[in-house]
Amino acid sequence: MQSSADSPYPQPTRNGIPSRQRKPIKKISDIVTDPYLQSVLETSTRTREQTSKLLALIEDNPSSSTNPPFRDTLLHIAREQKQLHAHIAILRGKNRNALLDVRQTKALTAEKRGEVDRLHLHLQNLYYEQRHLRGEIAACEAYDHKYLSLPLLPVETYLSQHPEHTSLPEHELMIARINHEHAEREALEQARQGLLKKKQGLIAGNKKRKEDLENLDVHLEKFVDAAKPIQKMFEKEY
């Protein structure tokens, strides 16, 4: 015999859902877990039960102009009506309190949502700032710094000359090497300036000696010209 699960015919459904796949309906008490809302449901249940009880009492004791109900029946109905009105008043009060709580919750939710939106915007700004700073850091790291092209002493040579800097971090060691190169260049520049002054002094001395020699040539020529008569006098024969 073929089972219903293996049958090629469609299974009976209810509201478009196969009957075997329908989930059990949960009770309202399983869905509503808030204590106050549960008390509202309990009051609503008592009000409904009291209404049903009152309607059944009225149906069981119909009234007409020819057959009015007994006085005890009317008093019983009046007591049940008062009890129903009391349940309705309680239910209205709880409904009003629930509405006030909903309004307060909505206001608090709106306030918290605004705070969350502000925090989210602040977080987005921090993300943008972080991305900008990372870009700036990457640009700085990729920048072709001039000090990288300086003819510095090799690290080994510098440390051999300054062993007290062996434990320095890389950044401070680079600063020390640059300062050392700066001091060396200043010393060389001072030496160059001293040699330049010495050179200028030698050039000025040579120029003066040259001028003295030129003046000496002029004086010698004058001396020779002045000595020619004396020479001729000695050349005469007596």
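**Exercise 1. In which helix do R185 and E181 both lie, and how many residues apart are they?**

Solution. This is a predicted model, in which local features need pLDDT of at least 70 and side-chain atom pairs count only at pLDDT 80 or more, while totals for chains, interfaces and linings use all residues. Residues are numbered from 1 along each chain as its sequence is written, and side-chain values use heavy atoms, with hydrogens and water left out.

Step 1. Locate the pair. R185 and E181 both lie in helix 5 (residues 170-235), four residues apart, about one turn of the helix. Helices (H or I, at least four residues) and strands (E, at least two) are DSSP runs, numbered from the N terminus.

Step 2. Identify the interaction. R185 forms a salt bridge with E181, and their closest N and O atoms are 3.0 Å apart. A salt bridge is a side-chain nitrogen of Lys or Arg within 4 Å of a carboxyl oxygen of Asp or Glu.

Step 3. Assign the exposure of each partner. Buried means under 20% relative accessible area, exposed over 50%, and partly exposed in between (1.4 Å probe, protein chains only). E181 is buried, at a relative accessible area of 14%, whereas R185 counts as partly exposed at 41%.

**Exercise 2. Describe the salt bridge between D212 and K208.**

Solution. Step 1. The closest N and O atoms of D212 and K208 are 3.5 Å apart.

Step 1. Both residues lie in helix 5, four residues apart, which is about one turn of the helix.

Step 2. K208 is exposed, with a relative accessible area of 52%; D212, at 39%, is partly exposed.

**Exercise 3. Which residue forms a salt bridge with E80, and where do the two partners lie?**

Solution. Step 1. The partner of E80 is K53, with the closest N and O atoms 3.6 Å apart.

Step 1. This pair links distant parts of the chain: E80 is in helix 3 and K53 in helix 2, 27 residues apart.

Step 2. E80 is buried, with a relative accessible area of 6%, whereas K53 counts as partly exposed at 46%.

Step 3. For the model as a whole, the count comes to four salt bridges.

**Exercise 4. Which residues of helix 2 are buried, and against which helix do they pack?**

Solution. Step 1. Check the length of the element. The expected span of a helix is 1.5 Å times one less than its number of residues. Helix 2 has 26 residues and should therefore span 38 Å; its end C-alpha atoms are 37 Å apart, which agrees.

Step 1. List the buried positions: S39, V40, T43, T47, Q50, L54 and L57.

Step 2. Name the packing partner. The buried residues of helix 2 pack against helix 3.

Step 3. Examine one residue of this list. Q50 lies in helix 2 (residues 35-60) and is buried, with a relative accessible area of 6%. Leaving aside neighbours within four places in sequence, Q50 is in contact (heavy atoms within 4.5 Å) with E80, Q83, L84 and H87.

**Exercise 5. Which residues make the nonpolar surface patch of about 390 Å²?**

Solution. Step 1. Apply the criteria. Patches are made of residues with over 30% relative accessible area and no salt bridge; like charges are joined within 9 Å, and nonpolar side chains (Val, Leu, Ile, Met, Phe, Trp, Tyr) within 5 Å. Accessible areas come from the Shrake-Rupley method with a 1.4 Å probe, and for residues only the protein chains shown count as cover.

Step 1. The patch is made by L123, L126, Y127 and Y128.

Step 2. Y128 lies in helix 3 (residues 71-142) and counts as partly exposed at 46% relative accessibility.

**Exercise 6. Summarise the chain and the confidence of its prediction.**

Solution. Step 1. The protein chain has five helices and two strands, in the order β-β-α-α-α-α-α from the N terminus.

Step 1. Of its 238 residues, 10% count as buried. The chain exposes about 21200 Å², of which carbon and sulfur atoms supply 58%.

Step 2. Among contacts with a separation of 6 or more, residues 24 or more positions apart account for 51%.

Step 3. pLDDT is the predictor's confidence in each residue, from 0 to 100. Its average over the protein chain is 82, and 84% of the residues score at least 70. Over residues 1-10 the pLDDT is below 50, and beyond near neighbours in sequence this stretch has five contacts in the model. Where pLDDT is low, the predicted coordinates should not be read in detail.
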